[in-house]
Amino acid sequence: MNKGRYMAIPPGAIIPGTLPDFSIYVLTAQGKYVLWALQGNNVSSEQLDRLSENETKEVFVNLDENFKYEQYLETNLGNILENQSTPDEQKAEIFTRVSTNVVKGAFETSYGLGTMGAADLRRTRQLIENSLQFIKEARSINALAKMIGHDYQTYEHATKVFWFTVAFLQHNPGILDSVVPGYQALDETQRTDILRQCGVGALLHDIGKAFVSLQILTKSGPLDEVEWEIMKRHPLNGLAMLIDTDLPMFVKKAVLHHHEDFQGGGYPMNLEGTNINTLARVLRIIDVFDAMTSRRPYKEPTPPMKAVRIMIGAPEDEEKREDQEQDDRDLGMRRCFDRDLLQRFIVFLGNVRLEG
Ligand SMILES: [Fe+2]
């Protein structure tokens, strides 16, 4: 045990009735760390109430058990966000921490981009904090918590799509001018606002999967006809979850249209071309790219550059794919994407140096 090295954690991270497999300490007025909850033991709501009566803002975990704490947060993130008695600032801190770790993990493993530097990590944290603030102001945090509580994997995917969407649009600020109908030649402040709203749309795009059973979401073979019909409802369910929130209309539309194909044939409305709004067309690309490059219960991850070749519709990959029984959840075909946006996305990927 690493004596004397502790890190502060918010009491709101601890959900009553769970059995954290790390010990928790409190700091006395004399500067001593005293055991408050032994690992593997139930923490009761009475214990937590006593902390808040004493206005204790921090408890502590030994740094050696940091990994277990991170895992505990991942498992319980949905519950933590839904817990009414946890102060908002503690929820924000926890959400930001877990989401930053998700982005860092993907950056360094699935995308093979190497270690994420301190500056990138700081920027990522800031982006997530800002987005969460916006989600809170737009009264859509409960919908987000519901999705996270239902399926952590969907939340991980959404977080990665969020990071890629924001990074891509920062790299192509001109695209932001076409995001909101009627707005053009935006000034710097407007672009920053719209960029943040696009990030929120990316984070919430699959929120309707909260209504799709885990059995379907994690099925290890192709979906049957009925399952596929249920899966195809998630954009509409997502819109239903967000319709009464204060999110901008283009964000709600992007949630509804992120599976529409540029050349038609997508769902739920079979729209085409620029009838699909800009953010939905961007999400169509990044959603497929992340789905292909991620490990899923039913498939191994596709290396990033191979994913790009498939998305472009490179002939050698098309041929190979004819022999393979692919799950349509991850199919990226050339008719799906706005070619101009796809080209820009590939240039952007070149700049972040993907391997594979
Ligand atoms: Fe989706």
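Student: How close do the axes of helix 10 and helix 11 come, and at what angle do they cross?
Tutor: Good place to start! This is a predicted model, where local features need pLDDT of at least 70, side-chain atom pairs count only at pLDDT 80 or more, and totals for chains, interfaces and linings use all residues. Residues are numbered from 1 along each chain as its sequence is written. Helices (H or I, at least four residues) and strands (E, at least two) are DSSP runs numbered from the N terminus, and axes are lines fitted to C-alpha atoms, for helices over the stretch in contact, with angles from 0 to 180 degrees between N-to-C directions. For helix 10 (residues 234-242) and helix 11, the axes come within 7 Å and cross at roughly 155°.

Student: Which word describes how helix 10 and helix 11 are arranged relative to each other?
Tutor: Angles under 35 degrees count as roughly parallel, over 145 as roughly antiparallel, 65 to 115 as roughly perpendicular and the rest as oblique. The crossing angle here is roughly 155°. Helix 10 and helix 11 are therefore roughly antiparallel.

Student: Which residues make the contact between helix 10 and helix 11?
Tutor: Two residues are in contact if their C-beta atoms, placed from the backbone, lie within 7 Å. From helix 11 come Lys252, Val255, Leu256 and His257, and from helix 10 come Pro235, Leu236, Gly238, Leu239 and Leu242.

Student: How do the residues of that contact of helix 10 with helix 11 divide into nonpolar, polar and charged?
Tutor: Ala, Val, Leu, Ile, Met, Phe, Trp, Tyr, Cys and Pro count as nonpolar, Asp, Glu, Lys and Arg as charged, and the others, Gly among them, as polar. Sorted this way, the contact has six nonpolar, two polar and one charged.

Student: Is Ile276 buried or exposed?
Tutor: Ile276 sits in the loop between helix 11 and helix 12. A residue is buried if 20 or more other C-beta atoms lie within 10 Å of its own, exposed if 12 or fewer, and partly exposed in between, with C-beta atoms placed from the backbone. Ile276 has 25 other C-beta atoms within 10 Å, so Ile276 is buried.

Student: Is Asn270 buried or exposed?
Tutor: Asn270 also belongs to the loop between helix 11 and helix 12, and its phi is positive, about 55°, although Asn270 is not a glycine. With 11 other C-beta atoms within 10 Å, Asn270 is exposed.

Student: Which residue is joined to Tyr267 by a cis peptide bond?
Tutor: Look in the loop between helix 11 (249-257) and helix 12 (278-293), where Pro268 is found. Omega is about 5° at the cis peptide bond, and the partner of Tyr267 is Pro268.

Student: How far apart do the C-alpha centres of domain 1 and domain 2 lie?
Tutor: The protein is divided into domain 1 (1-86) and domain 2 (88-351), and such bounds come from an automatic or database domain assignment. Their contact takes 13 residues from domain 1 and 14 residues from domain 2. The C-alpha centres lie 33 Å apart.
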